[in-house]
Amino acid sequence: MPIDASVAIGAQLPDRTFTWAESDVLLYHLALGAGSRKGDNLDPAALRYTLDDENLQVLPSFGVVAPSFHETNPPPLDLPGCDIDLAQVVHGAQEIRVNGPLPTSGTATLSTRISDVWDKGKAAVIWQEGVARSESGEELWTVRSSIFVKGEGGWGGNRGEATAVEIPERAPDASVSYDVTPQQAMLYRLCGDRNPLHADPAFAKGAGFPAPIMHGLGTYGIVLREVTDALLGGDASKVAAFSARFAGVVFPGETIHVEAWDEGSEIVVRATVGEDRRPALADCVVTKA
């Protein structure tokens, strides 16, 4: 049995202690396209992402990738009770919640457990939850994520539940787009995700895609940056949380379209891709600080 939910659910993964520096934050922001628009190299708002001075800020989504930022091997899948292959896996959903502005450098320890496993019949969904704490024990951020494992369902387990985020029935308060560069997935790989699905054409074809695809977390970060710039004055400290479900594939060279509705304490977001506006992210919400 490739997945034994009775073993997996509740299993604690090894703690991961990691360190990041300002150069990592700068690379992450550049990999999300910060500063790529004409004139951004002189724009004080854009320079808050790309210049390592006293005004440098950290987009909260950096906390998702910080623990693995310096890894050069493909992400491991040694999860208790889960005998799965990297080619079977796509990112399902991601959430991060920060307790305040993230420091531009530091050391933290991430404690993670498998919180649930859903049986979707022809696939399984594995949920993980983690807490990152500073060296002094201060809670910096929490993360929750799922992976979708093709071909591993059908054992009669819990199918799980989902609540869709409703899009407001009015015109969006912001509508922007971002052109993913042809080499953007190659650049984003330097942020610690060396999965060959995003770089190797043969591997991508074997996984059922016509070409390497953009990292889901790359799309996730791009969308958060665009919303932060469009409705929060480019101030990353105004973001308390960001959650989204990965609803479709983005290929390098395509255009991501972002529509956002300011609903007071939250911003509801719809992210689509390409001329046909197929879904990229769904159930997408930015919670304000």
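The side chains of D229 and R225 form a salt bridge, with 3.8 Å from N to O; the term denotes a side-chain nitrogen of Lys or Arg within 4 Å of a carboxyl oxygen of Asp or Glu. Because D229 and R225 are four residues apart in helix α7, about one helical turn separates them. D229 is partly exposed, with a relative accessible area of 32%, whereas R225 counts as buried at 3%. Here buried means under 20% relative accessible area, exposed means over 50%, and partly exposed lies in between (1.4 Å probe, protein chains only).

The model is predicted: local features need pLDDT of at least 70 and side-chain atom pairs count only at pLDDT 80 or more, while totals for chains, interfaces and linings use all residues. Residues are numbered from 1 along each chain as its sequence is written, and side-chain values use heavy atoms, with hydrogens and water left out.

## Helix α7 as a whole

Helices (H or I, at least four residues) and strands (E, at least two) are DSSP runs, numbered from the N terminus. Helix α7 covers residues 216-231, and its 16 residues should span 22 Å at 1.5 Å a residue; the end C-alpha atoms are 23 Å apart, which agrees. The expected span is 1.5 Å times one less than the number of residues.

Of the 16 residues in α7, 12 are buried, among them L217, Y220 and E226. After the helix comes G233, which has a positive phi near 65°.

## Other salt bridges

The structure has 15 salt bridges by this rule. D262 and K288 meet in one of them, at 2.8 Å from N to O. D262 belongs to strand β8 (residues 255-262) and K288 to strand β10 (residues 278-288), so the pair ties together parts that are 26 residues apart in sequence. Both side chains belong to partly exposed residues: D262 has a relative accessible area of 28% and K288 one of 25%. Salt bridges that share partners also join R37, R225, E226 and D229 into one network.

## Aromatic rings

A pair of aromatic rings is described by the distance of the centres and the angle of the planes. Rings of Phe, Tyr and Trp (its six-membered ring) pair if their centres lie within 6.5 Å; planes under 30 degrees apart count as stacked, over 60 as edge-to-face and the rest as tilted. The structure holds nine aromatic pairs. The rings of F62 and F69 have centres 5.7 Å apart and planes at 55°, so this pair is tilted. F62 is buried at 1% relative accessibility, and F69 is buried at 5%.

Y220 and F246 form a tilted pair, with 6.2 Å between the centres and 45° between the planes. This pair links distant parts of the chain, since Y220 is in helix α7 and F246 in strand β7 (residues 239-246), 26 residues apart. Y220 is buried at 1% relative accessibility, as is F246 at 14%.

## Paired strands

Two strands pair if DSSP finds at least two bridges between them. Strand β2 (residues 89-98) and strand β5 (residues 139-150) run antiparallel and are joined by nine bridges; V98 stands opposite W141 in β5.

Strand β4 (residues 123-134) also pairs with β5 in the antiparallel sense, over 11 bridges. Here A123 stands opposite K150. The hairpin of β4 and β5 has four residues between the strands, and in this hairpin G137 takes a positive phi near 95°.
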